[in-house]
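Open the model in your viewer and keep the selection tool at hand. This tour moves from one stop to the next.

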Amino acid sequence: MEASARVLATVVVVVHMAFVAFVVAGGVLALRWPRVAWVHLPAAVWGTLITLVGVTCPLTPLENWLRVQSGGIPYETGFLEHYLLPILYPVAMTRGLQIATGVFVVGLNALVYWRVWRRRA
């Protein structure tokens, strides 16, 4: 069980990273393939709500549970703080920075979808 739980925890991390990347930049795909918006908009809303409201994504507890099942140690922070923050910022993520990140993602996607809408009009 330990090895399979470790592999599954890694799969959850990869899926989580891909989801975060899709939330942040998936709107750009809609410039090329407008139907992607039907998948991206709900994902972007979900990702933004998690960031702005401070809710924990269900993938984080799943990953931590799998870590424990494999004999590892769960992390106490959120997914972004644990994996991305050490890469992007040398200090811990504050609530203000978390909100700013959410606002940036919303603004980026609003700009992209504005362009998509203008192309179609």
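Helices here are DSSP runs of H or I with at least four residues, and strands are runs of E with at least two, numbered from the N terminus. This is a predicted model, in which local features need pLDDT of at least 70, side-chain atom pairs count only at pLDDT 80 or more, and totals for chains, interfaces and linings use all residues. Residues are numbered from 1 along each chain as its sequence is written, and side-chain values use heavy atoms, with hydrogens and water left out.

**Stop 1: Thr60**

Select Thr60. It sits in helix α3. Thr60 counts as buried, at 4% relative accessibility. Buried means under 20% relative accessible area, exposed means over 50%, and partly exposed is in between (1.4 Å probe, protein chains only).

Which residues does Thr60 touch, not counting those up to four places away in sequence? Show His16, Tyr75, Thr77 and Phe79. Contact here means heavy atoms within 4.5 Å.

**Stop 2: one face of α3**

**Stop 3: the salt bridge**

How many salt bridges does a search of the whole structure find? The search finds one. A salt bridge is a side-chain nitrogen of Lys or Arg within 4 Å of a carboxyl oxygen of Asp or Glu.

Select Arg67 and Glu63. Their side chains meet in a salt bridge, at 3.0 Å from N to O. Both residues lie in α3 (residues 59–69), four residues apart, or about one turn of the helix. Glu63 is buried, with a relative accessible area of 1%.

Step past the end of α3 to Gly71. This glycine follows the helix, and its phi is positive, near 90 degrees.

**Stop 4: a nonpolar patch**

Select Val45, Leu49, Val53 and Val55. Together they form a nonpolar patch on the surface, with about 350 Å² of accessible area. Areas come from the Shrake-Rupley method with a 1.4 Å probe; for residues, only the protein chains shown count as cover. Patch residues have over 30% relative accessible area and no salt bridge: like charges are joined within 9 Å, nonpolar side chains (Val, Leu, Ile, Met, Phe, Trp, Tyr) within 5 Å.

Leu49 lies in helix α2 (residues 37–53). Leu49 is partly exposed, at 46% relative accessible area. Val45 is also found in α2. Val45 is partly exposed, at 48%.

Val45 and Val23 are 22 residues apart in sequence and 8.4 Å apart in space, C-alpha to C-alpha.
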